Amino acid sequence: MADVPTRARVVVIGAGIVGNSLVHHLARLGWRDIVQIDKGALPNPGGSTGHASNFIFPVDHSREITDLTLDSVRQYKEMDVFTESGGYEIARTEERMEELRRRMSSAKAWGIEAELVGPEHVKEKVPFIETDDIIGAFWTPSVGVVDSLRAGTIMREKALELGALTVVPNVEVTDLVVTDGRITAVETSGGTIETDTVVVACGVWSPRIAKMAGAAIPLTPAVHQMISVGPIPQLAERPGEISFPIVRDMDTFCYERQHGADMEVGSYAHRAILHEPDEIPSIDQAKLSPTEMPFTQADFDPQLEQAYELMPDALGADGAEIRYAINGLLSLTPDGAPILGETPEVKGLWSAAAVWIKEGPGVGRAVAEWMTHGSSEIDVHHSDIARFYPHQRTRSHVRARTSEAFIKTYGIVHPGEQWEGERGKRLAPMHTQQKQQGAHFFETVGWERPHWYDGNEALLGEYGDRVMPREHEWDSRWWSPIINAEHLAMRERAGIVDLTAFAIFDVVGPGAKDAVQRTVVAQADVAPGKVIYTPVLDERGGFKSDLTVMRLAHDHYRVVTGGLHGMADKKWFSDHLPADGSACAAIVDVTSAYSTIGLWGPKARDILGRLTDDDISDGGFGFLSCRDIEVGNLGVLASRISYVGELGWELYVPMEEGARLWSLLHEAGEPDGAVPVGIGVYGTTGRIEKGYRAFGFELDGERTIVEAAMQRPKVKQADFIGREAYVKQREEDPKTVLCTMTVDDHTSASGAKRYMLGGEPILTRDGGTLTDGHGHHPYVTSAGSAPSLGKHVLMAYLPPDEATLGNQLAVSYMEELYPVTIESVDSTPLLDPDNARIR
Amino acid sequence: MVDVLVCVKRVPDSSGEVLLTADAQAVDARYVGSTLSDHDNCAVELATQLVETHGGTVSLVSVGAPESVEQLRSALSVGPTAATLVETDLRDFGPADIAHEIAEVVRAHAELGREHDLVLLGNDAADTGDFQVPVRLAHALGRPVVTGIKTVAIENGRALAHGDSPDGGRETFDLPLPAVVAVSEGGVSPRYPTIKGRMGAKKVEIEMRTPTREPHGSGRVRLTLPPPAPSTVQVLGEGPEAAPAVVDLFQSLGVLR
């Protein structure tokens, strides 16, 4: 084997599925002098790849994860290491059947063949299964198994053939050298490698390696128990590794997967068993491999009985013994998503961690593209390492959230489901008042945000059926008709909204204008006191974000963005600051300095007028402007903007004055019947009536301004990131068009009215498949009540030839079709299309 | 019919690198987990085979921490049907103490009408390696004992115990029953549990006992690790040409016949 080189263009640490995919794709994209090291031997250095069960079920509710999986399957097939077996996810309860119907929605939305079948279908393909307790199953013919070790070898060899790669196994990283915030070298047991780019692809060891550079990769090693039982005659008589479909017994949280003459039984039912990255045994200390920890039998025993009852003839066959049993380590993250991208702490230090076999090659390609071009074809923003706030990187947070999530691995997770633990961390200054108002708190990146207020319950009587009550438990879980009542009160009177969770950062310095101008699409060279709403694009012209920017002074801009994506936005702005010289600029995070309160509704001006002598008339304080005003005895930065389509302001005050401002607004609002309004209105009903797009729903790296129908008449002259791509997009016909639809009839076959929650496929009226110019199938990006219209509204990207006003299509929800009609084929709002209310 | 008692001990798995606890009084099982030694597993297998041939029962006994129940259940899942745990902290126990407590169990069972014709033990413990309990147990019970035994047969009410002699030959000992036999690994291949076996093992009620006297202790000062065995890597070749060498190696290791 090679010696450790002294210099490298990039060092990839780790030779599991991720590291191997990465070196292959980097080499393919033209990188040379790649050095890949691993402390273990090849081809199985002892990480999680080596003991993975290696099967792939492609359907996930997340588009990002599904696309990474489909890309991985394509690559595995190209390498000829994929064997299709088919797979069942079986249901023992009606509740699970409903979840499988929801899975059908995802399958159709992501274009994966799947079918709901009865027990007899399972029995025919898996004759040794007991179907007495099975009421149905989700059948995916394209499920299969891969040889991930062989795939890794093939991918390394491809990079070696290009002369791009040096692989050095049996070498351990001893330190990462950081100089002035940038990685400069990797110290190893075989010598020092100078480099300015390092990728940590070390699976469960990643936190430990990143920490050497002062960076955090917040994942935890966690146990997944697996046993292998054999030889089983029914399996042994068939040739090859797998000839029976894989069975996921969803309600007992386990799977049965044939592996030659053996049946592997894996469990997600046991208690969460977490380990510390620093306490994983070394290769020498380990009995099998470092990530095949000693089996703790008692944790598995309940699962053993359930598995036996499901397949007694196979698992109880004469001679079939438990030949292998491990507590296999895998990586879990606090939000379940992988951890990819350049670390915010150290320039040039990248993470490619918390990735499963099913996503490995796809992640390798995406991260390699990201390192090469600044973005990837598959949008991976949910996995961006920059998403974490400091509290989310703490060991305590990672342990608590992964412990709570483990049992949900095969669970039924509602899209609105809230975490039970790790709550009450980031409290708005008016939190105590909100509790008195009966706030139902939802959590966003640690912030406790009122989603609605029980104190507004009286409004239900006032508005009656206009609140569009939902009778089905699933549709109304994590929801309240009070949201729609608050919405109506805001539209008729005024609403007061806590927006403290905004991420806010300032761009300051002589180069501030240029820095903002080159980062955002909209004209940033505006007079101080102006507010701009703007998309932010990547180099390929996909959305990196959408946000508002206030110009506060000639050398001072304030960027306000959603809390969820705020840290990634901040990194993006930081990464694109002018390097140095006279026109320098700096980013200052003021998220924790300011509390923001929204005041909106037809009475907003009257209410604010009671608290201020400043000129807040339309003539004196126009839309999209901002300035300091006096509100009572508080100094407030007021910004006239709205995400709910009403007259009003965002009011920014120092965090410690937020509670006072909250009180003042309520007192002043009382004569007009102003009410506190939760995020249920701000995030969904208010915006959806106005057709406002939201990043992460309608907008992401795979969408363009033109497709989202957000283009302005002109493109600004000054250069900005993505400008070239954007200009080109404007010259071409869009391949897909964002449309707004309303549901014509909610009545299900059972007679109950059903309300879609998002993610459902849009089909032709009679259930036919639609495909856009990208080859994608339309799905609902956002769904919500539009109480002012008395309609349920859906947004979706549709094929351009279907995007016509009045076009009648259908939405599939829980495997039933509901008629929908297109009401908008651009950004024209359904409510108040002339935006008269905002004036 | 034959009644066999197999004595087993919960020990750290020693197939990885062996670590000692900070006070050097015990082997650290943190990374490797706990298990039964190969000697013990072979003793269990031998007993199970004897009963499969002659009928009868296999019982287990262990002296040690409450967690030893895990190892008893593992062993129960491959054949034995009863188990006893003398619950104690082994740190205070020497080989004489362990032999005494096992003898007490044998006598107590005899009083209840359960005569153990044959008591099997692992030849020596994988962690402490005292090599004393079998002989001390036989002495306490007044029974004949042989050690280093690979296989045992029962013929005409006597035990025929086979072992390897130091000169490479084979030794056979003919013992009257009841007897004590210390088993070395290699004579039989321990079976893995079946799922049914494991499920059955969970249902066995384990007899719990406490020590009958204050322990004398082992007089042990501390454990020390032998110098690490030199690790040499020999490259057998590359590509298809290496195949014959690999086959030869597998044959010499006995994994290929």
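Tutor: One term before we start: a residue is buried if 20 or more other C-beta atoms lie within 10 Å of its own, exposed if 12 or fewer, and partly exposed in between, with C-beta atoms placed from the backbone. This is a predicted model, where local features need pLDDT of at least 70, side-chain atom pairs count only at pLDDT 80 or more, and totals for chains, interfaces and linings use all residues. Residues are numbered from 1 along each chain as its sequence is written, and chains are lettered from A and ligands numbered from 1 in the order in which they are written.

Student: OK, how much of chain B counts as buried?
Tutor: 40% of its 257 residues.

Student: And what about helices and strands in chain B?
Tutor: Chain B has 6 helices and 13 strands. Those are DSSP runs numbered from the N terminus: H or I of at least four residues for helices, E of at least two for strands.

Student: Last one: how far apart are the centres of domains 1 and 3 of chain A?
Tutor: 29 Å, taken over C-alpha atoms; the domain bounds come from an automatic or database domain assignment. Across that pair, 11 residues of domain 1 of chain A are in contact with 7 residues of domain 3 of chain A.

Technical notes:
Contact = placed C-beta atoms within 7 Å.
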